[in-house]
Each structure stands twice: as structure tokens, then as C-alpha cells.
Amino acid sequence: MKKAVLLFLLTVLSFVNSYSQDSTRTGLLYGFNNAYYLTAPVGWVMDNENGKEQGLTAVFYPEGSAWDTGETVMYTTFGSFDSTKNETLNEFIAHDSTLFRSRSPQASVRAQAPIVIGKNKAAKVYAYSDPENKNYDLIAYIEEKKGVVMIVVTSLNNNGCINNYGSFQSLVKSYRFLTDKVNIQLGK
């Protein structure tokens, strides 16, 4: 038990040390089955309060902007795999794509080039566009053992996603998974 605690502390300290230069922009984000780090891109704000009501782990918006009024914003969330079906990442993405298309017959979904985030890890990226409802998203899907971390840039126009692709890529590349063994204590 002591070895496990020591290993956990050393892991946390190594992450903290590696992000010390970005300490004001890096956050430990966690929920059921997941704990991971992200660093907001330069010029962006990380906010873990405003998206809570929408079930979002954290939201990101350009400095001087706001989550609820920004033309182009980013967010992250986690979706657990359906353990009764032995769900895969591709099935998870297919389900997301079907939901998106069901909202508008004009919507399109296209696979994009993956974003490499580690030695043996890459995020699958998909572009979702719905011009009728002015909704354009790029979603990076990162598979973990118990589910999928999603990092999303969303905009009211397609140029918003294109013009902010560098910030989106920076956010995705900053991803570091910590653990899927999260014990959240609820207050009385």
C-alpha cells in the first residue's frame, strides 16, 4: 500500500514539475473514471466552473471573451464506455456522429488527421459541421481504459474552427492522463 501511495505521489509531482512554467494555465481535471491534466493555450482562459451545468469538465475561451458569449470556445468532457457492451472507441464515435446528424439532415461528419499526444498515443479528430444551425466543431477523441476524453473546439462559423486550430491542437497536445481510479467523496 505504501508503495502505491508513493508511486502516486511521485507521478503527481512529476506532472506538477513538468507544468510548473504553465502553472496558471494548467489544471487537474477529474470526474468519475478519469483524472487528467490540460494546459490552456496561450491567450486562452481555463474555467472549470462555467460549464458545470452542461456536464463539462472545463471550458476554455480567449482572454477578454466569455464562455457564454464567445464566438469560438473550447471545452473538455469525459464519456464512460458502456461496460455491459464492451464498447470501443469507434463505436463511441459512431454514436456521437449519429446523434449529431439526427439534429440536422444537412450536417456532415468527416474524419481528420489525428493529433499525436504521446509516444504511443494519438487523438482521433472529427469535424462536425451543421451550417443550418451555425454549429461547427472539431472533436478530439482520446481513448482511455474506461472511456473517452473529448476535447472540442466549437464555433458559430467554420472559420472559427479553422482560425483556432493551432490553439485546439495545443490544448489536445497538452493532455496527460493521470488515473481512472478516482474516488470522489460527496458531502453530507
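Predicted model: local features only at pLDDT ≥ 70, side-chain atom pairs only at ≥ 80, totals over all residues.
1. Overall make-up. The chain holds four helices and 10 strands. The chain has 188 residues, and 44% of them are buried.

2. Largest pocket, volume and lining. The volume of the largest pocket is about 280 Å³. Its lining consists of Tyr-75, Thr-77, Asp-96, Leu-99, Phe-100, Arg-103, Tyr-128, Asn-135, Asp-137, Ile-139, Met-150 and Val-152. Two or more lining residues come from each of strand S5 (72-80), helix H2 (89-103), strand S8 (135-144) and strand S9 (147-155). Helix H2 is the main contributor to the lining of the largest pocket, with four residues.

3. Seven residues of the lining of the largest pocket are nonpolar, two are polar and three are charged. Asp-96, Arg-103 and Asp-137 are among the residues that line the largest pocket, and Asp and Arg count as charged.

4. Second largest pocket, volume and lining. The second largest pocket has a volume of about 210 Å³. The residues that line the second largest pocket are Leu-28, Leu-29, Tyr-30, Asn-48, Lys-52, Gly-55, Leu-56, Thr-57, Thr-77 and Phe-78. Strand S1 (26-31) and strand S5 each give at least two residues to this lining. The largest share of the lining of the second largest pocket is that of S1, with three residues.

5. The lining of the second largest pocket has five nonpolar residues, four polar and one charged. Lys-52 is one of the residues of this lining, and Lys counts as charged.

6. A residue in both linings. Thr-77 is listed for the largest pocket and again for the second largest pocket. Strand S5 likewise supplies residues to the largest pocket and to the second largest pocket.

7. Surface patch. Leu-28, Tyr-30 and Ile-184 make up a nonpolar patch on the surface. Together the residues of this patch have about 300 Å² of accessible area. Leu-28 and Tyr-30 also belong to the lining of the second largest pocket.

8. Ile-184. Where does Ile-184 lie in the chain? Ile-184 sits in the segment that comes after strand S10 (176-179). Ile-184 has a relative accessibility of 42% and therefore counts as partly exposed, since that class lies between the cut-offs of 20% for buried and 50% for exposed.

How values were computed:
Residues numbered from 1 in each chain as written. Heavy atoms only, no water. 1 Å grid on protein atoms, 1.4 Å probe; cavity = no way out; pocket = protein on both sides within 12 Å on 5 of 7 lines; lining within 4 Å. Points joined across faces, edges and corners; volume = space filled by probe spheres on them. Patch = residues over 30% accessible without salt bridge, like charges linked within 9 Å, V, L, I, M, F, W, Y side chains within 5 Å. Areas by Shrake-Rupley, 256 points an atom, 1.4 Å probe, with all protein chains shown as cover. Salt bridge = Lys/Arg side-chain N within 4 Å of Asp/Glu carboxyl O. Buried < 20%, exposed > 50% of the residue type's maximum accessible area, 1.4 Å probe, protein only.
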